[in-house]
Amino acid sequence: MLLEVANLTVCYDKAMLLNNLSLRVDQGELVSLVGPNGAGKSTLLRAITGLVLREREITRRSTGGDVMIKGRVTFDGERIDRIPAHEIVKRGLIHCPERRRPFREMTVGENLYAGAYLLQDRSRIQANLDNVYQLFPILQKRSRQISGTLSGGEQQMLAIGRALMSQPKLLCIDEPSTGLAPILRAEVFEKIGEIRRLGITVLLVEQEVGTVFKMASRNYVLSSGNIIAEGTGDELLQNEVLRKTYLGL
Ligand SMILES: Nc1ncnc2c1ncn2[C@@H]1O[C@H](COP(=O)(O)OP(=O)(O)O)[C@@H](O)[C@H]1O
Ligand SMILES: [Mg+2]
């Protein structure tokens with residue numbers, strides 16, 4: 001087991017965003033997290049990658065409001081639920097957040113190097129860059145271009161490429177296809193499939209349920225901060241209530 005989340009609860013002041021939920025991701029899997037808007041999918045990724053903990057510190061200092069986090073997160077055999085986000089990154093758990101956000105003023109190449117800021121070994125950085133350019137030839141073509149001038153699809157590829165520069169063991173990707181034209185969405189999914197074939201474990205949040213169910217080894221359905229179902233795509237699609245009420249299929 002690469003990632004284990006056990007009895008995770010997150011409350012912002014009185015609002016419960018995640019309610020005592022548990023999940024696991026095994027080495028080599030592509031696991032999806034689906035569910036309606038506002039279900040808590042992004043919050044779950046943010047809790048796993050240390051960003052909720054960070055927000056708790058900031059909130060306490062600035063507004064005196066409270067963020068409560070309870071439960072256990074174990075990654076690669078070690079508890080990570082009380083360690084800061086940058087330490088989690090060092091362990092190979094990388095978050096590619098919602099709405100692609102490369103540094104807009106920097107070139108594509110600079111953005112990619114920024115993704116490798118934790119690595120010291122120059123030959124390893126170069127090897128990672130070669131791999132990213134092999135996966136996304138368009139990024140190599142545009143390596144000197146200012147990132148803010150890329151198309152939406154290219155910015156998403158860059159966001160994923162930057163995450164890959166740090167050699168993740170587990171890559172958490174939040175809604176990579178949202179807002180893209182259908183042809184680009186298909187390309188993003190194809191690239192995610194390739195990333196998995198490279199041996200990188202993926203936890204994928206997506207709206208496009210039909211497509212991810214075909215790709216993922218297992219899926220979790222989230223609603224109002226609860227996991228209401230888990231299974232392979234075929235298993236979940238057999239449940240008509242689930243299909244109509246929660247998956248929009
Ligand atoms: N910083 C925050 N403070 C209070 N409520 C939040 C905060 N961030 C998100 N929420 C609320 O938590 C719920 C879950 O949000 P989110 O995790 O973004 O859902 P999803 O990614 O599934 O659409 C939503 O109702 C949202 O409004
Ligand atoms: Mg979200």
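**Entry 1: Asp76**

I began with Asp76, which counts as partly exposed at 41% relative accessibility. The model I am reading is a predicted one. I located Asp76 in the loop between β4 (67–75) and β5 (78–79). I then looked up its backbone: Asp76 is not a glycine, yet its phi is positive, at about 50°.

**Entry 2: Ser224**

I turned to Ser224, in the loop between β9 (218–223) and β10 (226–231). Is Ser224 buried or exposed? I found a relative accessible area of 56%, so Ser224 is exposed, the cut-off for that class being over 50%. Ser224 is not a glycine either, and I noted a positive phi of about 45°.

**Entry 3: helix α1 and what follows**

I next examined helix α1, which is mostly covered, with 7 of its 8 residues buried. I listed the buried residues as Lys41, Ser42, Thr43, Leu44, Leu45, Ala47 and Ile48. After α1 comes Gly50, and I recorded a positive phi near 90° for this glycine.

**Entry 4: α1 against α2**

I looked up how helix α1 (residues 41–48) lies against helix α2 (residues 51–62). Two packed helices are described by the angle between their axes and the distance between the axes. The axes of α1 and α2 come within 5 Å and cross at roughly 85°. The two helices are therefore roughly perpendicular to each other, since angles of 65 to 115 degrees fall in that class.

Which residues of α1 and α2 meet? On the α1 side I noted Thr43, Arg46 and Ala47, and on the α2 side Leu51, Val52 and Glu55. By class, the residues of this contact divide into 3 nonpolar, 1 polar and 2 charged. Two of the α1 residues in the contact, Thr43 and Ala47, are also among the buried ones.

**Entry 5: Leu53**

I stayed with helix α2 and picked out Leu53, which lies in it. Setting aside neighbours within four places in sequence, I found Leu53 in contact with Ile69, Asp81, Arg82 and Ile83. I also checked a distance: Leu53 and Ile125 are 72 residues apart along the chain, and their C-alpha atoms are separated by 30 Å.

**Entry 6: Leu118**

I moved on to Leu118, which is found in the loop between α4 and α5 (122–135). With a relative accessible area of 27%, Leu118 is partly exposed. Beyond the neighbours within four places in sequence, I found Leu118 in contact with Val89 and Lys90. From C-alpha to C-alpha, Leu118 is 42 Å from Leu242, and the two are 124 residues apart in sequence.

**Entry 7: α4 against α7**

I then looked at helix α4 (residues 108–115), which packs with α7 at an angle of about 35°, the axes being 7 Å apart. I noted the crossing of α4 and α7 as right-handed. Val108, Asn111, Leu112 and Gly115 of α4 meet Leu158, Gly161 and Arg162 of α7. Sorted by class, the residues of this contact are 3 nonpolar, 3 polar and 1 charged.

**Entry 8: α7 against α8**

I followed α7 to a further partner, helix α8. At what angle do the axes of α7 (residues 152–164) and α8 (residues 182–197) cross? I read a crossing of roughly 15°, with the axes coming within 10 Å. The crossing in which α7 passes α8 is right-handed.

The contact is made by Gly153, Gln156, Met157, Ile160 and Leu164 of α7, together with Leu184, Glu187, Val188, Lys191 and Ile195 of α8. I counted by class 6 nonpolar, 2 polar and 2 charged residues in this contact. An α-helix has 3.6 residues a turn, so residues three or four places apart point the same way.

**Entry 9: cysteines**

How many disulfides does the structure hold? I found 0 disulfides. Cys172 is in no disulfide, and the nearest cysteine sulfur, that of Cys96, is 9.9 Å away; a disulfide would need the two sulfur atoms within 2.5 Å. Cys172 counts as buried, at 0% relative accessibility. I looked up Cys11 as well: at 9% relative accessibility, Cys11 counts as buried.

Conventions: Residues numbered from 1 in each chain as written. Chains lettered and ligands numbered in written order. Predicted model: local features only at pLDDT ≥ 70, side-chain atom pairs only at ≥ 80, totals over all residues. Heavy atoms only, no water. Axes fitted to C-alpha atoms, helices over the stretch in contact; angles between N-to-C directions. Helix = DSSP H or I, 4+ residues; strand = E, 2+ residues; numbered from the N terminus. Left-handed = near helix turned anticlockwise from the far one by under 90°. Contact = heavy atoms within 4.5 Å. Nonpolar A, V, L, I, M, F, W, Y, C, P; charged D, E, K, R; others polar. Buried < 20%, exposed > 50% of the residue type's maximum accessible area, 1.4 Å probe, protein only. Parallel < 35°, antiparallel > 145°, perpendicular 65-115°, else oblique.
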